Amino acid sequence: MTTKDVSCALDAMFQRPQGLYGGLEDIPVISQCGHARRVALLDRLSVGDVGRMTCVDFGIGSWGIGSVYTKLQSCAKAIGMDISSAALEMSRDLVKRTAPPYAAHFQVHQSDGMQIPLPDNSVDLFFSGESIEHVKFPPRFLSEIHRVLRQDGQLVITTPNKQAIRYEEAGEEYCTSPEHFWLFDYEELVSMVSEFFVIREVYGFNGSFGSHEEDREVSDRDRAERWSGAFEHEPHLATGIVLRAVKRPDVSATYEIEDVAPERIRISGSDTYLPLEFGLRGLLLGAPGQSVTIERPPSDGIVCRMWCHRWSGVAQISADEAVAEVDLYTKVPGWRNWVSARPTREASLVTLAPTGRRNAKAESDQVIFFEAFVWRRRGRGGPPTARPADSIRSLLPRGSLEPQPGYGFARTQVIVSTTVFHWFTASDGNLLGPWPPVGGRPAWDGSPRFFEDQIKQMMMANIDAIYLHLIDRFEDQRLAFFRAYANLRKEGWDVPKICPYLDPFGLWQSEAIDVGTLAGKDRFAAEYVRWFEQYFSENTDEQAASYLLTIDGRLALSTWWVKHVCGQVQLFTREELASRLQEALGARIPQLAAGLYMITAALIDPDLPFSDERQIMFSGYAYAIQCVHADLHCWHVQPGYWDQNIRAPGFLLPRDGGDAYRRAWEIVCAGLPHVHRIYVESWNEYDEGSGIYAADPDGPYLHPGAPAGRDLFSQAGNPFEYIDTTAAGAARVNGRPDHAARILWHDLPRRLERGSYVRLSAVVQNAGNRRWAAPDRYELALMAGGAVVQSCPIALDDHRGGPRPEIVWRGHPVRLSMHLAVPEQVGAWPVSLVVTCNGEPIGEAVTVPLQLMPAAG
């Protein structure tokens, strides 16, 4: 690749009527917001007074100095650089026309970054804005920047992060482009920069939602602005990185690069060349037996650059008896580099060949070779591979959150519970409910992602316990629920505790069982065993059993309607059920040693004789009704009922826009302190229309032939009408604090080097009834000596998707990171971490006894 080829191509692009990229108004809203966020982050960097500085803007384009980093426009001497001579000429003309403050001290130089035409120690601040990814070999570029910077000179970089979280989750690479010869992930960038510089600040911003298609479709500016700032303190997840670093005085190294000459490259098979971009061509390796063999001269490392696009397959590279495979597929055309940093003292061979294989997304198995070059490192300072990795690790999250232990309930403690059904796929199960969910009924596809969203909604409603349906159908969907439950627990969500809701009517309606016999007792117990085995197949961590619902230390089970379906219930004992579960599950459920706690249905007799509490479950139509059993006051609340789409004539208990349900909760709250259970019927009994899930308030849906009933879901048109009412009612009775927070995890090490710069990552959780939302300001504060040393805002946004991303409800974890400038002192430095709301602590502080150590070496 020659600088001339790329320069000429970019000259033509700059000279187009629309310029290189077009106007800001031509790009998607998220890209506009990402640009604005990048500008704001650059302005925040602590570079000092640039009014006395000589500043370089590398990649100036046609826009003049500081078009993105406006602070540069007040510098004492301005130097613009670009690979395109046409761009430099356009910038020079712009400066003449507009006469910015730096106009009298402005100069331009053409450069591709491999040679910076400036003297040693002549620059105070070097800005590489979205340009390091354009250069041929970034280590050479960074060594040149290091050379021209003065002592304590500063480097500011902005660049894409190829492993942005949304793209990585989709199996794609962010910002692949024919212009980008070298993309980085966060760790690669930090590692490469740290060879020559000490990093002082790093931030993240988002200029994409996760795909080009979504970027073009979403025009909601509020959403785009929230997402653009989502990972400001977690740059390893963001699409873009903003970094400030200071020149290291202990390094005077440089990199020399040498293209592998054509006579050192042997082609086996036909030599078909394809046009790429910028007038460049690549060698197509497609036929069996084709290969390229490169005679590598003695050097410290080699780079083989290949073209990648949607027709690319998997390449095999052999070097020094080692064999590697490189998947070249990318959704957008660009480049892929294979790098070997193994030094060689003699010439050696590197062979590149197609494998004939491709990944599932690729449309073909092409391998296109473009160029190879080697590097040699010269000068003072050990090679980067020999340097300690501490400076890199200190800027990355250390460790990860382990699943948190669960907790149980006392018998007289208030518990808000609900039944949850899993009989849903996009086209099967309950399909004819009157209140379609947000996103439409096909969105209820029975996948783990769907159930994660549902569990989050239950948590938003302040639900304490889930009775999960137990029948012998839709088994895959129950497993998907358990997988979703496990996924959320691993992320730090304080999910509702869970117990099996055995449905004899759904299991044995056509063939009743006799629980007075050994066979009947075995069948009854076996269903519970199957449910728990499925639970543990997905929840495999050592804390899994602690999330099973326990009351007074005993494992809770629930059931419904044993009448007529389970014969001789009077001959079935607690001990007979418990012993069977103990034998099958005792090793995994230690709570079984304390016995069973049985929850059964009221108003349906005969019932199990060892019931500990009875709740009115699917046995009446009432907004609020109470049952007292064994001195426990159990309330049933229901938002409404409408089964006329599935039964004739059916029954309608109208919702009346939510008024009836609000009144039901008022009745319950008026019963305090004689309230122990509030059972919500139901979470998602879809066809019978009694669920409180987030629904489309424009319903109801009337199935053809059903009675033309009328009802109103929400007077306010609020999809979360019944979730909000449940949450508010539960907050009045559950005895939990209004405002509370927990720090689940942090990675602040116990020993730090004085004067260093580290990243602190943490996971905090809302532990109170009050939802965290604007305009309140929530922060994680690091305190020392009773004063706040540093704080980090807690983003009130579920960046990974979910219902109502603008609020953080009880049990909701939030991940965050902040930069910490360590004091220069040596010795003990006791600090504490605490969550604050509007400056006031709302949770217990976590004390961290830090020890500050002298600088290494």
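**Strands, burial and aromatic rings**

A: In this predicted model, strand β38 (residues 813-821) is mostly covered, with 7 of its 9 residues buried.

Q: Which strand pairs with β38, and in which sense?

A: In a regular strand the side chains alternate between the two faces of the sheet. Here, β38 pairs with strand β35 (residues 757-766) in the antiparallel sense, over 9 bridges. Within this pairing, Ala762 stands opposite Leu816 in β38.

Q: Why does Thr726 count as buried?

A: Buried means under 20% relative accessible area. Thr726 has a relative accessible area of 0%, and therefore counts as buried. Thr726 lies in helix α16 (residues 721-733). Apart from neighbours within four places in sequence, Thr726 is in contact with Ala461, Ile463, Tyr661, Trp665, Val680 and Ile692.

Q: How is a pair of aromatic rings described?

A: A pair of aromatic rings is described by the distance of the centres and the angle of the planes. The count in this model comes to 54 aromatic pairs. One of them is the tilted pair of Tyr167 and Tyr174, at 4.9 Å centre to centre and with 55° between the planes. Tyr167 is buried at a relative accessible area of 5%, and Tyr174 is buried at 13%. Trp444 and Phe450 also form a tilted pair, with 5.5 Å between centres and 40° between the planes; both residues are buried.

Q: Over which rings do the charged ends of Arg281 and Arg804 sit?

A: The charged end of Arg281 sits over the ring of Tyr273, 4.6 Å from its centre. For Arg804, the charged end sits over the ring of Phe720, 4.3 Å from its centre.

How values were computed. Residues are numbered from 1 along each chain as its sequence is written. This is a predicted model: local features need pLDDT of at least 70, side-chain atom pairs count only at pLDDT 80 or more; totals for chains, interfaces and linings use all residues. Side-chain values use heavy atoms; hydrogens and water are left out. Buried means under 20% relative accessible area, exposed over 50%, partly exposed in between (1.4 Å probe, protein chains only). Helices (H or I, at least four residues) and strands (E, at least two) are DSSP runs, numbered from the N terminus. Two strands pair if DSSP finds at least two bridges between them. Contact means heavy atoms within 4.5 Å. Rings of Phe, Tyr and Trp (its six-membered ring) pair if their centres lie within 6.5 Å; planes under 30 degrees apart count as stacked, over 60 as edge-to-face and the rest as tilted. A charge sits over a ring if NZ of Lys or CZ of Arg is within 6 Å of the ring centre and within 35 degrees of the ring normal.
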